Amino acid sequence: MKRFLYVLAIVIMSQNFVQAFGITDLLKSIKQQPDTKIDSVIFKKFNIEKKKVISKLYPQIDAITSFEYHNSPVNLRPMTPTEVNPETDSIPFSKGIFKYGVEFKVPVFVKEIYTLKQKVEQQQKQFSYKKKLNLIARQATVVSLNAALKFVEESINYINKRLESLHKTKENISIMVDTGRLPESELYNIDNLIFTLQSQKNMLLGKKAEIIDDIYVITGIRLTHSLKMEEKGVSLPAENLKLRIGEKQVEIAKTDLKMSKEAYYPSVYLSGSYVKNEGKAYNTYDNIERNYGTIMLNVKIPLFEKTVLTDIESKKVDLIKSKLRLQKIKIETKSDLNKIEVNLKLTNENIKRAYKQIQNAKKLLKIAKVAYEARRMTVEEYLRFEVNLLDKQKELYDYIDAKWKLIAQKALLNGNKLTEVIK
C-alpha cells in the first residue's frame with residue numbers, strides 16, 4: 001500500500017510539473033544551452049583582452065646572460081683612464097666575457113595603447129548587442145517552431161476527425177451497397193479520400209517529429225506536444241540591435257583610423273639595465289669583474305613609413321563602408337518593420353475571417369449530410385464539403401502560425417526578448 005501511494009505521489013507531481021511547464025520556461029532554457037553559453041564566454045574574454053592591452057603599460061623586466069668571445073681584448077665596461085694602473089693592476093680587458101644581469105623597459109607614453117583599449121571596449125559593447133540579438137533570434141526560432149508544431153497538431157487532429165467521419169459514412173454506404181441501393185463505386189470514392197488523408201497524416205507526423213527535434217536542438221528539451229502561447233499585450237521600448245551593432249561598427253572603424261594615424265605619434269620609453277661582466281685580464285690573466293648600470297629615456301619619432309600611409313588609406317575606406325552599411329540597415333529596418341505591421345494587421349483580419357468561414361463550412365457540411373442521406377446529393381458532392389471544412393480549418397491555423405512568426409520577427413527587430421512578449 002505504501003509503495004502504491006509513493007508511486008501515485010510521483011505521478012501526481014510529474015503531472016503538475018508538466019502542467020506548470022510553459023512557453024516561458026522553454027524560452028528561458030535557451031540560456032543554458034551551449035550556443036548561448038559560448039556567447040557569454042566570448043563576452044567575458046573581452047575583459048581579458050582589455051587586461052592584455054593595459055599590461056603593455058607595465059614594466060618589462062628580463063634576466064639576461066651571455067658569453068662573448070672576441071679576437072682581441074675588449075673592455076668589460078666603459079672606464080676612465082685613471083681607474084687602473086697599467087703597470088701593476090689587471091686591466092679590465094678580456095677576449096672572453098661572461099655577462100649576466102637584468103634589464104627593464106617601461107612605456108612612458110605610447111598613444112596607440114590607450115586607443116587600442118578604447119577599441120576593445122567598443123568591440124565588447126558591440127558584442128553585447130550581438131549576444132542579445134543571438135538570444136532573441138533563438139527564442140524567435142523556438143516560437144516559430146512551436147507555432148508550426150501547433151499547426152501540424154491541429155492539422156493531424158482535423159484529419160483524424162475527417163477520417164472518423166468518413167469511416168462512419170463508409171459504413172452507411174456499405175449497407176446501401178449491400179442492399180443494392182448504391183453502386184459499389186461510391187465506396188471507391190470514399191476509400192480514395194481516406195487513403196489521401198492517411199498519406200497526409202503520415203507526412204504531418206513526420207513533420208511533427210522533425211519540429212520536435214529542431215526545438216530540442218535549441219532548448220535541450222524534447223516536447224511531446226506544442227505549448228500554449230499568448231501575447232502579453234504590453235508596449236515595450238524598442239532597441240534595434242542590428243542598428244546598434246552597425247553604429248558600433250562605425251565607431252570601431254573610426255578608432256581603427258585613429259590608431260593608424262597615431263603610428264606617427266612620438267613614443268617615449270624608459271629603459272635601463274644592471275649587468276655584471278666577468279673575464280680574464282689580458283695582461284695578467286687574473287679573473288676580473290666589473291658591474292655597471294644604465295638608465296635611458298628614449299623618444300621614437302616616426303618620420304616616414306609607407307606602410308603606415310597605406311594603412312591609413314585602407315582604414316578610411318573601411319570607415320566609408322561601415323557608414324554605408326549603417327545607412328542600409330536603417331533603410332531595411334524601417335521597411336521590415338513596416339511590412340511586419342501591415343502583414344500583422346492583414347493576418348489578424350484573415351484569422352477573424354477564417355473563424356467565420358469554418359462556421360459556415362460546418363453549417364454547409366451539416367446541410368450536405370442531410371441532403372446526401374436523402375439522396376439529393378451524390379457522394380462526390382458530399383465529400384467536397386468534407387474537404388472544404390478541412391481546408392478552412394487548415395487555413396485558420398496557417399494564419400495563426402504566420403501571426404506568431406510575424407510577432408517573433410517584430411520582437412527580433414525591436415530588440416525585445418520573447419519572454420517579454422509571450423506568456
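These exercises look at aromatic rings and charges in a predicted model.

Residues are numbered from 1 along each chain as its sequence is written. In this predicted model, local features need pLDDT of at least 70 and side-chain atom pairs count only at pLDDT 80 or more, while totals for chains, interfaces and linings use all residues; side-chain values use heavy atoms, without hydrogens and water.

**Exercise 1.** Classify the aromatic pair of F93 and Y282.

Solution. Start with the rule: rings of Phe, Tyr and Trp (its six-membered ring) pair if their centres lie within 6.5 Å; planes under 30 degrees apart are stacked, over 60 edge-to-face, and the rest tilted. The structure holds four such pairs.

Next, locate the residues. F93 lies in strand β2 (residues 93-109), and Y282 in the loop between β3 (267-280) and β4 (287-300), so the pair ties together parts 189 residues apart in sequence. Strands here are DSSP runs of E, at least two residues, numbered from the N terminus.

**Exercise 2.** Which ring lies under K105?

Solution. A charge sits over a ring if NZ of Lys or CZ of Arg is within 6 Å of the ring centre and within 35 degrees of the ring normal. K105 lies over the face of Y269, 4.4 Å from the ring centre.

Note on methods
Helix = DSSP H or I, 4+ residues; strand = E, 2+ residues; numbered from the N terminus.
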